[in-house]
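Biologist: I have a chain open on my screen and would like to go through it with you. Can we start with the charged side chains?

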Amino acid sequence: MKILVSACLLGVNCRYDGTGEMRESVKELMKDHQLIPVCPEILGGLKTPRCPAERQGDRVVTRDGEDVTEGYRRGAEETLKLAELFECSAAILKERSPSCGCGKIYDGTFTKTLKDGDGITAQLLKAHGIPVLGDATSELPYLGNLMRRK
């Protein structure tokens, strides 16, 4: 199965703070699946490192007050193109991110408070029928079984 994966979860230094983290649970999936790394923020033209940003309704705003929504939307659209080009069956994205967060994201107050919701990219992928999982879900080892049930 081809799976779209947040590049930062494979150790690529593309997070807002210029870091990445090789997640062993994601790396394990390489044994049975083809992983397609992607960073929606980079695809959207945002630099690394960059000021932290959070969703505030339909907008994405940095801690300094800059509206970066357009970059996040552009990155989400480019990510969707890659998912479709590579015929990805699912996506595993970095949790809590204003781009990749799935199910829970920061609430836009920059106080580390979580709320229900999805990042811009996760929301777009889901709207196009691509299942999205967060990187810390306990279901990652069973991804193939989850996809067969759908």
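**Salt bridges and cores**

Modeller: Asp135 and Arg23 form a salt bridge through their side chains, 2.4 Å from N to O. Bear in mind that this is a predicted model.

Biologist: Where do Asp135 and Arg23 lie in the chain?

Modeller: Asp135 is in the loop between strand E8 (132–134) and helix H5 (143–149), while Arg23 is in the loop between strand E1 (2–6) and helix H1 (24–27), so the pair ties together parts that are 112 residues apart in sequence.

Biologist: Is Asp135 buried or exposed?

Modeller: Asp135 is buried, since its relative accessible area is 2% and the cut-off for buried is under 20%.

Biologist: Which residues are linked with Asp135 in a network of salt bridges?

Modeller: The network links Asp135 with Glu21, Arg23 and Lys94.

Biologist: And how many salt bridges are there by this rule?

Modeller: The count is ten. One of them joins the side chains of Asp118 and Lys126, at 3.0 Å from N to O. Asp118 is buried, with 18% relative accessible area, whereas Lys126 is partly exposed at 36%. Another joins Arg96 and Glu95, at 3.9 Å from N to O.

Biologist: What about Arg50, which is buried yet has no salt bridge? How far away is the nearest side chain of opposite charge?

Modeller: That side chain is Glu41, and it is 4.1 Å away.

Biologist: What joins the side chains of Arg50 and Thr48?

Modeller: A polar contact of 2.9 Å. Arg50 itself is in the loop between helix H2 (40–43) and strand E3 (53–56). Leaving out residues up to four places away in sequence, Arg50 touches Cys14, Arg15, Tyr16, Cys39, Glu41, Ile42 and Tyr72.

Biologist: New topic. How many residues has the largest nonpolar core?

Modeller: It has 14 residues, and those with the most contacts inside it are Leu4, Ala83, Ala91, Leu93, Leu125, Ile130 and Val132. Strand E2 (34–38), H3, strand E5 (90–93) and helix H4 (120–127) each supply at least two residues of this core. Apart from it lies another core, of twelve residues, including Val5, Ala7, Val26 and Leu35.

Biologist: Which residues does Val132 touch, not counting those up to four places away in sequence?

Modeller: Val132 touches Ala91, Leu93, Cys102, Ala122, Leu125 and Lys126.

Biologist: I also marked Cys88. Where is it found?

Modeller: Cys88 is in the loop between H3 and E5. It counts as buried because its relative accessibility is 10%. Cys88 and Ile3 are 85 residues apart in sequence, and their C-alpha atoms are 5.1 Å apart. Setting aside neighbours within four places in sequence, Cys88 is in contact with Lys2, Ile3, Leu4, Ile36 and Ala83.

Biologist: And Gly65, buried or exposed?

Modeller: Gly65 counts as exposed, at 53% relative accessibility. Its place is in the loop between strand E4 (59–62) and helix H3 (69–85).

Biologist: Last one, on the whole chain. How many helices and strands are there?

Modeller: The chain has five helices and eight strands. Its radius of gyration is 14 Å, close to the 15 Å that the globule rule gives for 150 residues, so the chain is as compact as a globular protein of that length. Of those 150 residues, 46% count as buried.

Key. Residues are numbered from 1 along each chain as its sequence is written. This is a predicted model: local features need pLDDT of at least 70, side-chain atom pairs count only at pLDDT 80 or more; totals for chains, interfaces and linings use all residues. Side-chain values use heavy atoms; hydrogens and water are left out. Helices (H or I, at least four residues) and strands (E, at least two) are DSSP runs, numbered from the N terminus. Buried means under 20% relative accessible area, exposed over 50%, partly exposed in between (1.4 Å probe, protein chains only). Lys and Arg count as positive and Asp and Glu as negative; His and the chain ends are not counted. A salt bridge is a side-chain nitrogen of Lys or Arg within 4 Å of a carboxyl oxygen of Asp or Glu. A polar contact is a pair of N or O atoms within 3.5 Å; within protein, one must be able to donate a hydrogen and the other to accept it, and residues adjacent in sequence count only if both atoms are side-chain atoms. Contact means heavy atoms within 4.5 Å. A nonpolar core is a set of buried Ala, Val, Leu, Ile, Met, Phe, Trp, Tyr and Cys residues joined through side-chain atoms within 4.5 Å. The radius of gyration is taken over C-alpha atoms; the globule rule is 2.2 Å times the number of residues to the power 0.38.
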